Structures are given as structure tokens and as C-alpha cells.
Amino acid sequence: MFRHPTAGWIEVICGPMFSGKSEELIRRATRAKIARIGVQIFKPRIDSRYGHDVVVSHSALKVDAVPVADSSELAASLVDGTQVVGIDEAQFFDAGLVEVCERLAHDGLRVIVAGLDLDYLRRPFEPIPTLCGRAEYVTKMLAVCHRCGGPALYTQRLVSSDELVVLGSRGTYEARCRMCYRPGEPEQPPLDI
Ligand code: ADP
Ligand code: MG
Ligand code: ZN
């Protein structure tokens with residue numbers, strides 16, 4: 001049988017805000033580093049909430065990251081010897097990210113993509129849904145519903161805005177379960193938990 005010994009693959013880590021996507025990406029990247037495998041982590045330049053050149057989880061885990069403007073800058077920033085590519089907040093990238101990930105996987109790299117699968121109105125948040133279809137491995141993370149403690153798969157925006165992208169964290173967004181999610185009520189005081 002003919003084999004392709006050098007093929008890589010794509011892993012997607014998706015779910016709502018606070019579900020542990022960055023934590024899981026950091027965990028996988030750290031294990032690769034321990035194994036002395038060349039790792040590069042990228043993040044969109046627009047997301048500078050917790051520092052410019054680092055991915056930080058809500059639980060304060062950190063890993064160095066290269067901020068890039070778009071998928072072509074990401075592709076151009078790869079260095080020789082990189083075998084694992086991590087991409088956080090991938091929903092903020094352009095549609096070209098899909099083909100960049102495909103090409104890297106085809107060229108033998110392990111590509112780990114983390115991002116929101118749904119926006120604050122539960123609409124598919126591209127390019128994550130397309131990448132889920134193109135990935136060998138998909139991990140769907142759930143958060144803890146900030147209202148009731150149940151399994152949260154949605155991101156509730158707490159402030160009034162029709163913009164797709166409003167950067168923020170606790171106070172601006174909450175993780176919500178199916179029962180607690182309220183799409184039509186943008187202004188909701190956050191619960192202090
Ligand atoms: P994401 O990247 O999906 O937004 P992070 O990896 O940054 O998530 O953060 C996950 C961590 O956030 C958890 O391990 C936990 O310590 C903390 N956390 C705070 N609020 C919640 C919540 N409602 N549900 C789950 N984890 C939460
Ligand atoms: Mg994150
Ligand atoms: Zn709930």
C-alpha cells in the first residue's frame with residue numbers, strides 16, 4: 001500500500017468564551033515544547049487584551065505568541081524547523097486561514113486552531129465552522145454557565161452593540177447554557193460570582 005509518511009493534520013478546539021480553549025491550546029503547545037518539537041503560536045493582532053506577544057488564558061496560563069494581521073502574514077512568519085503551529089482566537093482571522101491551515105497540514109505540520117464556533121448571536125463564526133469540517137480532530141469545549149452552573153455552549157454579550165467584534169471579557173460577556181441564553185436582551189448586569 002502507498003503511504004504518505006509526512007502528512008500532518010489539523011486539530012480544532014472550539015466552544016464559547018471561558019470554556020478553556022486557550023488553556024487547552026497552551027497545554028498542547030507546552031507538551032510539544034517539552035518534547036523539543038518546534039512550536040510557533042500565532043494570534044490576531046486585533047486581540048491585545050492581555051499583552052501583545054503572548055496568549056494568556058483566563059486562568060493565567062501563558063505562552064509566547066506572534067501577533068499577525070491576517071492569514072498571509074501568519075504564513076509568511078513561519079520559521080524553519082516549526083513542526084507544530086498553534087493559532088488562538090482564530091475566529092478573528094480572514095477566510096484565507098482555511099487554506100493556510102490545509103497547506104501546512106499537507107506539508108507535514110500539526111496545526112492546532114482554537115476559536116469561537118459561534119458568535120454572540122449563535123451564528124457560525126467563520127472560519128472556525130469550516131475548519132471543523134476540514135480538521136482530523138475536533139474538541140468541543142463547554143464552559144460553566146455563569147448564571148446556573150450548567151453546561152455552557154453559548155457566549156452571551158452583556159452590553160448593547162450590533163458590532164460582530166466587541167473585545168472584552170468578564171463584564172462584557174458571559175458563558176451561558178441553553179436555558180439561560182437570552183439573545184434579545186443585550187443589556188444584562190453581570191452576576192458577581
Ligand atoms: P477560553 O480561551 O475558551 O475563553 P480560557 O482557556 O482563557 O478560556 O479560560 C478557561 C479558564 O477560565 C478555566 O480553566 C477557569 O479557570 C476560568 N473560568 C472563569 N469563568 C469560567 C466559566 N464560566 N466556565 C469555565 N471556566 C471559567
Ligand atoms: Mg481564549
Ligand atoms: Zn444556565
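How far does a polar side-chain atom of K21 lie from an oxygen atom of ligand 1? The separation is 2.7 Å, inside the limit for a polar contact, a pair of N or O atoms within 3.5 Å. Within protein, one atom of such a pair must be able to donate a hydrogen and the other to accept it, and residues adjacent in sequence count only if both atoms are side-chain atoms.

The model is predicted: local features need pLDDT of at least 70, side-chain atom pairs count only at pLDDT 80 or more, and totals for chains, interfaces and linings use all residues. Residues are numbered from 1 along each chain as its sequence is written, chains are lettered from A and ligands numbered from 1 in the order in which they are written, and side-chain values use heavy atoms, with hydrogens and water left out.

Two further polar contacts involve ligand 1. A backbone N or O atom of S22 lies 2.9 Å from an oxygen atom of the ligand. A polar side-chain atom of H146 is found 3.1 Å from a nitrogen atom of ligand 1. Taken alone, ligand 1 exposes 580 Å², and the protein buries 76% of that. Accessible areas come from the Shrake-Rupley method with a 1.4 Å probe; for residues, only the protein chains shown count as cover.

The shell around ligand 1 holds 14 residues, of which F18, K21, E23, H58 and V144 come nearest. A residue counts as near if one of its heavy atoms lies within 4 Å of the molecule or strand in question. By class, the shell has five nonpolar, seven polar and two charged residues. Here Ala, Val, Leu, Ile, Met, Phe, Trp, Tyr, Cys and Pro are nonpolar, Asp, Glu, Lys and Arg are charged, and the others, Gly among them, are polar. Helix α1 (21–34) and strand β9 (143–144) each supply at least two residues of this shell. The most come from α1, with three residues. Helices (H or I, at least four residues) and strands (E, at least two) are DSSP runs, numbered from the N terminus.

V144 belongs to strand β9. This residue is exposed, with a relative accessible area of 56%. Buried means under 20% relative accessible area, exposed over 50%, and partly exposed in between (1.4 Å probe, protein chains only). V144 and P16 are 128 residues apart along the chain, yet their C-alpha atoms are separated by 9.9 Å.

The largest nonpolar core contains 22 residues. I10, V12, L74, I87, L97, C101 and V113 touch the most other members. Strands β1 (9–14), β6 (84–87) and β7 (110–115) and helices α3 (97–106) and α4 (128–134) each supply at least two residues of this core. Its largest share, six residues, comes from α3. A nonpolar core is a set of buried Ala, Val, Leu, Ile, Met, Phe, Trp, Tyr and Cys residues joined through side-chain atoms within 4.5 Å. In soluble globular proteins, nonpolar side chains tend to be buried together.

The Q40 side chain reaches the backbone oxygen of S77 at 3.1 Å.

No disulfides are found in the whole structure. A disulfide is a pair of cysteine sulfur atoms within 2.5 Å. For C132, the closest cysteine sulfur is in C14, at 4.1 Å, too far for a bond. C132 is partly exposed, at 22% relative accessibility, while C180 is buried, at 16%.

Backbone geometry gave several further features. Most residues other than glycine have a negative phi, and most peptide bonds are trans. The peptide bond from E126 to P127 is cis, with omega near 5°. P127 lies in the loop between β7 and α4. R122 is placed in the loop between β7 and α4, and its phi is positive, near 70°. R122 is partly exposed, with a relative accessible area of 36%. The C-alpha atoms of R122 and A175 are 12 Å apart, across 53 residues of sequence. R36 has a positive phi near 60°. R36 sits in the loop between α1 and β2 (39–44) and is exposed, at 77% relative accessible area.
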